[in-house]
Amino acid sequence: AQTASDAGDELLDCARTQLRSTLEEARQAVWGLRSVSESASEIGAMLTKVAQQFSHEFGLPVECSTSGEPFSLNQFTAHEVLMIAREGLYNSIRHAHPKKIQLTVEFEEEKCRFKIMDDGSGFDVRSLSKMPENHYGLLGIQERVERIHGTFNLQSAIGAGTQIAIEVPRKAIAPDQISEITL
């Protein structure tokens, strides 16, 4: 049985994680607004850095691989993809307790595909519609994917891990829509 102290510690850890994520998102948003005039960053390299940060911070292997001919996304889209990846990784670590996570980036002619796959506990996907309040992270990911006109696919089963796949058009959002980022 979980003691009140354990539950409080778990809640505090969750709050710290959310605070780190929110602060990082604010930093990224400000960075994105400041660098609108600069060339967009290559998302594969950015996601590799995120994977390394998560590996270091949580002591859990997060492997990142890229394939295809890399290209840059505009700042708004790159920001949203980074926040999607961070939320997906946090969800995996927080809820699935995996031994490892794989993050893949596949570049194609007119789109790129991002996948986050873990070997954790998984869950019954049907529970999303029954208790959406337990899945705010996934709902947030879906909203971000819609903002960049991408597609979102979720596969999971109890005991079989989880895979999140996002497909983003190469020219998803015009750079002049950067003002939609909110702090």
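Five strands make up an open sheet of mixed pairing, in the order β1-β2-β3-β5-β4; two strands count as paired if DSSP finds at least two bridges between them. The model is predicted: local features need pLDDT of at least 70, side-chain atom pairs count only at pLDDT 80 or more, and totals for chains, interfaces and linings use all residues. Residues are numbered from 1 along each chain as its sequence is written, and side-chain values use heavy atoms, with hydrogens and water left out. Helices (H or I, at least four residues) and strands (E, at least two) are DSSP runs, numbered from the N terminus.

- The edge strands, each pairing on one side only, are β1 (62-67) and β4 (151-156).
- On average, and with direction ignored, neighbouring strands of this sheet are turned by 10 degrees against each other.
- Strands β4 and β5 (residues 162-169) run antiparallel and are joined by six bridges.
- Q155 has Q163 in β5 as its bridge partner.

**Helices on the sheet**

- Helix α2 lies across β1, β2 (101-107) and β3 (111-118), and runs at about 170 degrees to β1; angles run from 0 to 180 degrees between N-to-C directions, with axes fitted to C-alpha atoms, for helices over the stretch in contact.
- Helix α3 also packs on the sheet, where it touches β1, β2, β3 and β5, and its direction makes about 15 degrees with that of β3.

**The α2-α3 pair**

- Helix α2 (residues 43-58) and helix α3 (residues 75-96) pack with their axes 11 Å apart, at an angle of about 25 degrees.
- The two helices, α2 and α3, are therefore roughly parallel to each other (angles under 35 degrees count as such).
- In α2, the residues I43, M46, L47, V50, Q53, F54, E57 and F58 meet A78, V81, L82, A85, R86, L89, Y90 and I93 of α3, contact meaning heavy atoms within 4.5 Å.
- By class, this contact of α2 with α3 has 13 nonpolar, one polar and two charged residues; Ala, Val, Leu, Ile, Met, Phe, Trp, Tyr, Cys and Pro count as nonpolar, Asp, Glu, Lys and Arg as charged, and the others, Gly among them, as polar.

**Two loop residues with positive phi**

- H97, in the loop between α3 and β2, has a positive phi of about 50 degrees although it is not a glycine.
- H97 counts as exposed, at 62% relative accessibility (exposed means over 50% relative accessible area, with a 1.4 Å probe and protein chains only).
- H149 lies in the loop between α5 (136-147) and β4, and its phi is positive, near 55 degrees, in a residue other than glycine.
- H149 is exposed, with a relative accessible area of 54%.

Key:
Angles under 35 degrees count as roughly parallel, over 145 as roughly antiparallel, 65 to 115 as roughly perpendicular and the rest as oblique. Buried means under 20% relative accessible area, exposed over 50%, partly exposed in between (1.4 Å probe, protein chains only).
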